[in-house]
Amino acid sequence: MLYPRMNDKRSVISLDGVWRFCLDDGTHQGDIDEDFIAHNAEIISVPASYNDQKDEPRYREHCGWAYYERRFTIPRFLVGQRLVLRFDAVTHFARVFIDGRLVKEHKGGFLPFEVELDGIVEAGDDFLLQVAVDNRVSHSTLPVGNEEGTAFFGSDNAGVPSVEAAKVWRTKRNLPNFDFFNYAGINRSVRLYSTPKDHIRDIVLVPSIDGEDGIVDYCVETVGDGDVSIDILSREGDVVAHADGRTGRIVIAHARLWNPYPDDPYLYTARVTFAEDRYDERFGIRTVKVDGHRFLINGKPFFFKGFGKHEDSAIHGRGFDLAYDVRDMSLIRWLNANSFRTSHYPYAEEIYDLADEQGVVIIDETPAVGIGAGLSTDPYATFDIRSHHEDVIRDLIARDKNHPSVVMWSMANEPDSEHFPESARDYWTSLYRYTHSLDPQDRPVTFVCCQNNYERDLATREMDVVCINRYYGWYNLSGDMDAACHAWNIELDFWQGIDKPLIVTEYGADTLPGHHLTVPEMFSEEFQVMYYERTNAELDRRDFVVGEHPWNFADFNTIQGVYRADGNRKGLLTRDRKPKMAAHYFRRRWGGIPNFGYKE
Ligand code: BDP
């Protein structure tokens, strides 16, 4: 799916701004009731989560439908053009109405969807746009909600003997099976864009390297009549190669490669022309491959220095915030990092553009978090998760396939892979094959494994890269780093025998900024630094460990619960991006670790 870009053939009009909004009272269930909305509507900002825009608790606690509306007039000068309404992300389920008529339903809160307006409205029309949004999570959504009445770190234990109170606790409550606040609403931009009627539908670019030359195998999908031609432009805008036809191979002589910063993340542009349409897609010449226990970018062994992140900020919630994203890119460089994982859902498309440009490597994750966690039944046999999971993987790859920054797909975070090991292995290996089959660049595929009994787990070892989240010294062996390091080594001996590259995709300790101790105990800044120093010393001794991603880049908001004081505090930075001592520690450490050849 192409990102909406403006040029001399295409226009993009933003529908972001102040919309009218109201929460459902539980009686409308996603249907539009004009009177109800008219009586209850108030202002809300789009894009942004609705939860933290108001001071009444019902916005944070809401479970169910909410309604957005605004009027819009399509400029008459767009007569004769194809018109498309595009939602970058509505969390988690959307129903779109135009003048009261349902025109689209979409499941999944982190990927774009479109409404073709042909036959619905025309240039010059003024219309009412309404969006019903459902924030409920369950065993059939991704991320997963735990319908049995337990929430991540929350507790419905009412004490003795009040069973009735526990029932009240569960009523109309979202029970996320994940550790980030369930921010909802129109979280990303809404746009109307136009293209010529005969148009370019998609562009697929597959780069490779042949000696000094860059190769691009390409395919252009079109609708209507016309011829396709493609120019490759250098960063300076010069045409360096050309081809005609819908599919083909282009050779860029003496190509410059896309490399992670501080090397040059060089980008070319594929300028595709078809009939009256035109589209510019940026791309990089780079290859990705797993070879034994090494992860190769452009044929060289790469070391991942970075973190799991979140899209999370004050007031916006999970809403798109470009200034935060630009600042985060700057902080990634300040930290001497080179990568991050889009834990635990696909991020806004603009972030991938920034990463391409800034030379930051991405592990691109689906919103499949919480599958089977805390259940006593086999989630793979019990719940109907597969078809939605496949849809999400398909749409993620369709959206992100051309980004040079994306070097690996993560199908999920911390699904249960231990309690029903055969069933989990069957599910994950077949989804792994499915993911490989969809990716034109055939990048490595993985899922991120929960702290578990890794000897029982049969799925994690089948992935291209072993990705493990481990909390030795925090949730396990709390505060005792001698014992934690001992446990690490026992586990690392096991993975050494599997002989695949391993990335520690999460490890960390909650840390209260400004809490200092001479004796480094848990929650102090000194403990966080010691935790990482001790753990990293063990990881450094293993050459199959090809990456370290502390959890998390920054503190982030979560559901309230006994384990969370003002959210998850494992950030190297505070939520408003001030460095803790551990940020300075990693900045020094990573400053001494090269992108390539660290453990050679
Ligand atoms: C891991 C999860 C992550 C949590 C983290 C934690 O993958 O989402 O935030 O633990 O507890 O299990 O801090």
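Tutor: A polar contact is a pair of N or O atoms within 3.5 Å. Inside the protein, one atom must be able to donate a hydrogen and the other to accept it. Residues adjacent in sequence count only if both atoms are side-chain atoms. Keep in mind that this is a predicted model.

Let us start with Thr141. Thr141 sits in the loop between strand E10 (126-134) and helix H3 (163-170). Which backbone atom does the side chain of Thr141 reach at Ser138? The backbone nitrogen of Ser138, at 2.8 Å. Is Thr141 buried or exposed? The cut-off for buried is under 20% relative accessible area. Thr141 has 12%, so Thr141 is buried.

Now compare other loops. Leu573 is in the loop between strand E30 (545-548) and helix H11 (581-591). Its relative accessibility is 0%, so Leu573 counts as buried. What lies across from it in space? Phe553 is 20 residues away from Leu573 in sequence, but their C-alpha atoms are 6.2 Å apart. The loop between E30 and H11 also holds Asn552. A cis peptide bond links Trp551 to Asn552, with omega about 10 degrees.

There is another cis bond to find. This one joins Val46 and Pro47, and its omega is about 0 degrees. Pro47 belongs to the loop between strand E3 (42-46) and helix H2 (57-61). Why point these bonds out? Because most peptide bonds are trans.

Val79 gives a contrast in cover. Find Val79 in the loop between strand E4 (65-73) and strand E5 (82-87). At 55% relative accessibility, Val79 is exposed, since the cut-off for exposed is over 50%. Val79 and Ala123 are 44 residues apart in sequence. In space, their C-alpha atoms are 5.1 Å apart.

Next, look at backbone angles. Most residues other than glycine have a negative phi. Gln29 is not a glycine, yet its phi is positive, about 50 degrees. Gln29 is in the loop between strand E2 (17-23) and helix H1 (34-40). With 41% relative accessibility, Gln29 counts as partly exposed. Asp99 also has a positive phi, near 45 degrees. Look for Asp99 in the loop between strand E7 (93-98) and strand E8 (101-107). Its relative accessible area is 47%, so Asp99 is partly exposed.

Strands E16, E15, E18 and E19 form an open antiparallel sheet, in the order E16-E15-E18-E19. The edge strands are E16 (239-244) and E19 (277-283), each pairing on one side only. Neighbouring strands here are turned by 20 degrees on average, direction ignored. Strand E15 (residues 228-233) is joined to E16 by 5 bridges. Across that pairing, Asp231 stands opposite His242.

Another open sheet has 3 strands, ordered E20-E21-E22, with antiparallel pairing. Its edges are E20 (288-291) and E22 (300-301). Over 4 bridges, E20 pairs with strand E21 (residues 294-297). Val290 faces Phe295 in E21.

Parallel pairing turns up as well. Strand E26 (residues 406-413) runs parallel to E27, with 3 bridges between them. Ser410 has Thr446 in E27 as its bridge partner. Strand E27 (residues 445-449) is mostly covered, with 5 of its 5 residues buried.

Last, the ligand. How many residues surround it? There are 13, and the closest are Asp179, His344, Glu414, Tyr475 and Lys570. By type, this shell divides into 4 nonpolar, 4 polar and 5 charged residues. A ligand oxygen is 2.5 Å from an N or O atom in the side chain of Asp179. At Tyr475, an N or O atom of the side chain is 2.4 Å from a ligand oxygen. Arg564 has a polar side-chain atom 3.1 Å from an oxygen of the ligand. On its own, the ligand has 320 Å² of accessible area, and the protein covers 94% of that.

Key:
Residues are numbered from 1 along each chain as its sequence is written. This is a predicted model: local features need pLDDT of at least 70, side-chain atom pairs count only at pLDDT 80 or more; totals for chains, interfaces and linings use all residues. Side-chain values use heavy atoms; hydrogens and water are left out. Two strands pair if DSSP finds at least two bridges between them. Helices (H or I, at least four residues) and strands (E, at least two) are DSSP runs, numbered from the N terminus. Axes are lines fitted to C-alpha atoms, for helices over the stretch in contact, and angles run from 0 to 180 degrees between N-to-C directions. A residue is near a molecule or strand if one of its heavy atoms lies within 4 Å of it. Accessible areas come from the Shrake-Rupley method with a 1.4 Å probe; for residues, only the protein chains shown count as cover. Ala, Val, Leu, Ile, Met, Phe, Trp, Tyr, Cys and Pro count as nonpolar, Asp, Glu, Lys and Arg as charged, and the others, Gly among them, as polar. Buried means under 20% relative accessible area, exposed over 50%, partly exposed in between (1.4 Å probe, protein chains only).
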